[in-house]
Amino acid sequence: MLSIGPTETAHFQTWHDKAGNAPALTDPKNPALVFPDLNAKPFGGEDFQTNLIMPEPCPFLSRSLPSVSIIRPTATRGAAMATARSFIDDGLFIGQIPAFLELLTDLASAADAATRGGE
């Protein structure tokens, strides 16, 4: 993704892949210290899905969505065109007809110019 910091990405990956699936644990030296089973009651269910560790409201996608785990880019101006240009420059579309590349860049340009709900 464009312009997310490597620390944020690593933090998300670690929690999503590892800590989100942690089993219940009790410290053998201190039995009062317990990491609960997050899949058991009173936790569990969709609101406590353990691999969605960092749920956040996402009104910029849709106000009807529940809190979800997401990495948000810090900069999006020109992102679609930059991505299209990167794919073209990397040779991803070698052999495509010129009309395809023109359509791709037209779509990217339109995406970059789009606004949501009069914003």
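Predicted model: local features only at pLDDT ≥ 70, side-chain atom pairs only at ≥ 80, totals over all residues.
**Entry: Ser109**

I looked up Ser109 first. I found Ser109 in helix α3, which covers residues 98-113.

**Entry: Thr105**

I moved on to Thr105. Helix α3 holds Thr105 too. Its relative accessible area is 19%. The cut-off for buried is under 20%, so Thr105 goes down as buried. Which residues does Thr105 touch, once neighbours within four places in sequence are set aside? I listed Met81, Arg85 and Ile88.

**Entry: aromatic rings**

I turned to the rings next. How many aromatic pairs are there? I noted 2. One of them joins Phe87 and Phe93. The ring centres of Phe87 and Phe93 are 6.5 Å apart, and the planes make an angle of 75 degrees. I recorded the Phe87 and Phe93 pair as edge-to-face, because planes over 60 degrees apart count that way.

I compared the accessibility of both partners. Phe87 has a relative accessible area of 37%, so I marked Phe87 as partly exposed. Phe93 comes out at 17%, so I marked Phe93 as buried.

Last, I looked at the cluster. Phe100 belongs with Phe87 and Phe93 in one aromatic cluster.

Technical notes: Residues numbered from 1 in each chain as written. Heavy atoms only, no water. Helix = DSSP H or I, 4+ residues; strand = E, 2+ residues; numbered from the N terminus. Phe/Tyr/Trp six-rings, centres within 6.5 Å; stacked < 30°, edge-to-face > 60°. Buried < 20%, exposed > 50% of the residue type's maximum accessible area, 1.4 Å probe, protein only. Contact = heavy atoms within 4.5 Å.
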